[in-house]
Amino acid sequence: MRTKSEIMEMIEEEGVEFIRLQFTDMVGRLKNLAVTPGQMDLVLQNKYSLEGTALFGDDDIFDRDLYLYPDFDSFAVLPWRPQQGKVAKLFCELHNEDGSDFEMNTRAKLKRVLADAAEDGYTFMVDPEIEFFLFHTDENGLPTTISHERAGLMDVGPADFGENARRNMVFTLTEMGFEIESSHHEKAVAQHEIDFKEDEALKMADAIHTFKFAVRSVAKQFGLYATFMPKPKSEEAGSGMHTKIAILKDGQNIFDGPDGEKMAEYFVGGIVSHIDAICAITNSTVNSYKRLADIFVGKNKKIWSGKGECAAAKVRKCYNGKKVELRFLDACTDPYAALCVCVAAGMEGMRNHTPIDREAHLPEDLKDAIAGLKSDAFICDLLGEEFVKHYCRYKGQEWKDYMKQVSTWEVERYLNRL
C-alpha cells in the first residue's frame with residue numbers, strides 16, 4: 001500500500017496540479033471535486049469534508065459534514081488530460097465525523113463482505129465484459145442516438161466507424177494500468193465491447209468506475225458520446241455487463257475442484273434465492289428491464305441453465321478455469337453494491353447448500369425489483385436499513401416519474417384507435 005509521502009512525491013514528480021477526489025452518490029454515480037496539491041495534506045489525513053445535503057438531498061439524516069477517506073493505491077494520472085498541469089484521480093470513501101462508515105458508503109459494504117469471505121479463505125476474482133454505444137453529438141455537444149455506421153458483431157473498418165476511438169480507449173486504459181484482453185465491435189450498430197483481465201473484486205469495482213470515466217473522456221475527443229445505457233434504441237440489442245466470477249481458496253479455483261460443479265450451483269442458488277432484491281441493485285434503472293425483456297424471454301427467462309446462451313446465469317469453462325457468469329447485470333449499476341449483493345448471496349448459498357430454483361425468473365420491471373428489495377431481510381440487513389430506505393424511495397420516485405410519461409409507442413398505438 002502506498003504511503004502519504006509516496007503520494008506527495010508522485011504529485012511533485014508528475015507535475016500534477018489538480019487531483020480529482022472521486023466518490024459515488026446514493027445510486028453509484030461517480031462524483032468528484034478537484035483540489036490542488038496544497039490541499040492534499042488535509043485530504044491524506046481524512047480531514048477534507050463536504051456537506052451531506054449537497055450530495056444526498058435535504059433529509060435531516062444527511063445534514064452533516066461527510067469526510068473523504070482516500071484509497072492511496074487508487075491514485076493515477078489521467079492520460080487524456082493536458083500534460084502540462086496534469087490531472088490525477090484518487091478514489092475516496094465517505095465517512096462520518098467520528099470515522100464510522102457513512103450509511104450510503106457501498107464501497108465499505110463491499111469491503112466488509114469480502115473480509116467476511118476472506119475469513120473462510122475465499123478470494124473473489126471478477127471479470128466483467130462491458131458493452132457501450134458510441135453515438136454522435138449534436139451541434140451543442142449534447143448526446144444523440146444517431147450513428148451513420150452499419151457494422152455488426154466483430155466487423156472491421158471501414159464499416160466499424162468506432163475502431164479508432166476504441167483503439168485509443170485501449171491505449172489510455174493500458175497507460176492507466178489496465179490489462180486489456182480484447183476489444184471489438186458488438187452486435188448492434190455503434191455498439192462496442194472492451195474486456196479486461198480479471199482482478200480481485202474491490203479492485204475491479206474501482207476499475208469499472210475508471211473504465212467508464214476513461215471511455216467517455218476518450219469518446220469526447222472523437223466528437224462522440226459513450227453511453228452505458230442498457231437499451232438506448234428499441235430496435236437494437238442492448239448493452240450489458242456480463243460478469244464472470246471465480247473463487248480462489250489457497251490459490252486454487254474452487255469451481256475447478258472435485259466439488260466444483262456443486263459449489264457453482266450452490267453459489268448461483270444463493271443469488272437466485274434473492275434475485276428480485278439483487279436486480280434492484282444490479283439493474284437499477286427503468287431502462288434496464290427493457291434490455292432484459294429483449295434477451296431473457298419465454299423459456300429463457302428462467303435464470304439458470306448449464307449451457308443455454310440466453311440463460312441469465314451459467315457456468316462457463318474459460319481458458320483460466322471454470323467461472324460462474326452472471327449475464328443479467330448492466331453497467332448502470334453501482335459496481336460496489338452489485339458485487340456486494342452478488343458475493344454475499346452466493347456465499348450464503350454455498351454455506352447453506354442452497355439449490356437452484358429452476359423455475360425462478362428475473363423481475364419484470366424496476367417496480368417489482370424494488371418491492372423484492374424491500375421484502376428481502378437478508379439483503380436489507382446486508383445493505384443496512386437506512387440505505388435501503390433512501391435507495392428505494394429514490395428509485396421508487398424514478399418509477400413513478402416514468403409512469404407519468406406518454407411514449408411515442410402509446411400515441412402511435414392508441415391515438416387513432418381509441
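Colleague: On what basis are the values computed?
Modeller: In this predicted model, local features need pLDDT of at least 70 and side-chain atom pairs count only at pLDDT 80 or more, while totals for chains, interfaces and linings use all residues. Residues are numbered from 1 along each chain as its sequence is written, and side-chain values use heavy atoms, with hydrogens and water left out.

Colleague: Which residues touch the most other members of the largest nonpolar core?
Modeller: A nonpolar core is a set of buried Ala, Val, Leu, Ile, Met, Phe, Trp, Tyr and Cys residues joined through side-chain atoms within 4.5 Å; buried means under 20% relative accessible area, exposed over 50% and partly exposed in between, with a 1.4 Å probe and protein chains only. The largest such core has 126 residues. Those that touch the most other members are Phe124, Phe211, Phe328 and Leu373.

Colleague: Which helices do the buried residues of H13 pack against?
Modeller: Helices (H or I, at least four residues) and strands (E, at least two) are DSSP runs, numbered from the N terminus. H13 covers residues 385–404, and its buried residues include Phe387, Tyr391 and Trp399. With contact meaning heavy atoms within 4.5 Å, the buried residues of H13 pack against H4 (106–119), H8 (275–282), H11 (366–375) and H12 (377–383).

Colleague: How many disulfides does the structure hold?
Modeller: A disulfide is a pair of cysteine sulfur atoms within 2.5 Å. For cysteine 92, the nearest cysteine sulfur is that of cysteine 340, 20 Å away; for cysteine 340, the nearest is that of cysteine 342, 9.3 Å away. Neither cysteine 92 nor cysteine 340 is in a disulfide, and the number in the structure is zero.

Colleague: Is cysteine 340 buried or exposed?
Modeller: Its relative accessibility is 0%. Cysteine 340 therefore counts as buried.

Colleague: Which residue's side chain forms a polar contact of 2.6 Å with the side chain of aspartate 71?
Modeller: Aspartate 71 is found in the loop between strand S4 (65–70) and strand S5 (76–77), and is buried at a relative accessible area of 18%. A polar contact is a pair of N or O atoms within 3.5 Å; within protein, one must be able to donate a hydrogen and the other to accept it, and residues adjacent in sequence count only if both atoms are side-chain atoms. A polar atom of the aspartate 71 side chain lies 3.0 Å from the backbone nitrogen of aspartate 73. The side-chain partner at 2.6 Å is arginine 107.

Key
Expected span 1.5 Å × (residues − 1).
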